[in-house]
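Here are a few friendly notes to read alongside the structure. Please keep the viewer open as you go through the points.

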Amino acid sequence: MKTNRLYIITAALVLLITSCNDDSSMLTIINEDGTCSREMSFHPYPQDVMAPVDEPIENNGLHFNSDWERTWSVMGDSTRHACPMTEAQWDSLQKVFPKENVRSHILMHTKRVFSSVTEMSDSLTKVVSHLFQATASLNKHFKWFYTDYDYSEIYSITDKQQMFPIPLNRFVSADTASYWFTGQPNLAEGLTGSEQKEMLDEIESQISKWMNANTFEYIYTYIANVFWNDIKNPTVSKEQFLANKDSLIMSPAVANMTIFDEPEQVAKILKDYYHTDAFEPLFHEDKHWDRILDHQYMSLKKLIWMKPQLNLVMPGHVIDGGMGKVDGNVIHYRFSGERLLPHEYVISATSRVIHIWAYIVTILVIIIAIGSFIYRRK
């Protein structure tokens, strides 16, 4: 086997080379009455933007049914065009952008209106095909002169145990894992440039070992559950083979696996440990490890490709944007799939709607009270 897409995925994860900013975004608007809307924008493939609106579409792991309104626009132009795009329109854009990829110059917009934030978050979980689960809440606090709105949405990986059976905390602390994948807490504060590099090199080394351990664990377990009967004269029973798994996973041999090497290196580790060549035939071309591993890590690949900018609009004016950056009435959040690896990702915001009518009523009451007092004095 000459190539293995799994290691490309893994290296991208370890080095945080996930995906370049592709202008994808998700705009969420919360209304005073609790209704809301969500619009996702991304660069579409021709078959998606040209698909009939009554047919579902799929774009890089995002699935939209016909209940999502679809439009498209040209980058830099706010004009929205109804879907489906025609082949003639695509061809005309190709003439405008000769020798360039038309897809990179257009955005497709999918939008839905929801009766509640719960319905909206449930819909997002379905759109991302359960790569992660979204859970939202909206609470109102009436204070006569104003109402405060507290909104939060939590994203969490639904099958982390299946994706990463070997947990991060066996290699790095919770704070270190969070810093590597999210930037928080800022462990580099107060460190010199050289000290930061030393710290990051050490963290990267441990993250690589964690990924090696999970890769090895999957291959090792797959051998026991699928290929065991193909092994000729194993020197160990299947039960003992599985019992030895954890010792091998945490061994220096697995920790020092080169991330871009082929799975055949697992055969050498097994040969050195069990003193037999019986496992080597399992890594011949006909075992299709490339396909097996790619299928196992497909969800991870789609997850780390996700890097939309999250934009939130709250009713009234924002008084707390959580970890987002407030820009007028819009709050911007940095999001990417790898931020979900150490822990859940939380969007939270608080806004305030001023009740002009409450001030008017209060002033009228005061005027009436003063007038009544003066009237009685007369």
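1. Let's begin with the second largest pocket, which holds about 290 Å³ of space. Please bear in mind that this is a predicted model. The pocket has 14 lining residues, and those closest to its centre are Thr182, Gln184, Met323, Arg339 and Tyr345.

2. Which elements give two or more residues to the lining of this second largest pocket? They are helix H6 (174-182), strand S13 (330-334) and strand S14 (345-354). The largest share comes from S13, with three residues. Sorted by class, the lining of the second largest pocket is made of seven polar, four nonpolar and three charged residues.

3. Rolling a probe the size of a water molecule over the atoms shows where empty space is left. Across the whole structure, the search turns up one cavity of 30 Å³ or more. The volume of the largest cavity is about 50 Å³.

4. Which residues line the largest cavity? Met26, Thr28, Arg38, Tyr151, Glu153, Tyr155, Leu310, Asn311, Leu312 and Ile347 do. Strands S1, S9 and S10 (309-313) each give two or more residues to this lining. By class, the lining of the largest cavity has six nonpolar, two polar and two charged residues.

5. Helix H4 (residues 117-127) deserves a look too. Its buried residues are Val117, Met120, Ser121, Ser123, Leu124, Thr125 and Val127. The cover over them includes strands S1 (25-30), S2 (36-42), S4 (62-64), S7 (106-114), S8 (132-142) and S9 (146-157). Just after H4, you will find Ser129 with a positive phi of about 55°.

6. Now zoom out to the protein chain, whose secondary structure comes to 14 helices and 14 strands. Its radius of gyration is 28 Å, well over the 21 Å that the globule rule gives for 378 residues, so the chain is more spread out than a compact globule. Along the principal axes, its C-alpha atoms fill a box of roughly 110 × 55 × 45 Å.

7. How much of the protein chain is buried? Buried residues account for 46% of the 378 residues. The chain exposes about 19,800 Å², and 54% of that area is supplied by carbon and sulfur atoms.

8. Finally, a word on contacts. Among those in the protein chain with a separation of 6 or more, 68% are between residues 24 or more positions apart.

Terms used
Residues are numbered from 1 along each chain as its sequence is written. This is a predicted model: local features need pLDDT of at least 70, side-chain atom pairs count only at pLDDT 80 or more; totals for chains, interfaces and linings use all residues. Side-chain values use heavy atoms; hydrogens and water are left out. On a 1 Å grid over the protein atoms alone, a cavity is a set of points where a 1.4 Å probe fits but cannot get out, and a pocket is an open set with protein on both sides within 12 Å along at least five of seven lines; lining residues have an atom within 4 Å of a point. Grid points are joined across faces, edges and corners, and a volume is the space filled by probe spheres set on the points. Helices (H or I, at least four residues) and strands (E, at least two) are DSSP runs, numbered from the N terminus. Ala, Val, Leu, Ile, Met, Phe, Trp, Tyr, Cys and Pro count as nonpolar, Asp, Glu, Lys and Arg as charged, and the others, Gly among them, as polar. Buried means under 20% relative accessible area, exposed over 50%, partly exposed in between (1.4 Å probe, protein chains only). Contact means heavy atoms within 4.5 Å. The radius of gyration is taken over C-alpha atoms; the globule rule is 2.2 Å times the number of residues to the power 0.38. Accessible areas come from the Shrake-Rupley method with a 1.4 Å probe; for residues, only the protein chains shown count as cover.
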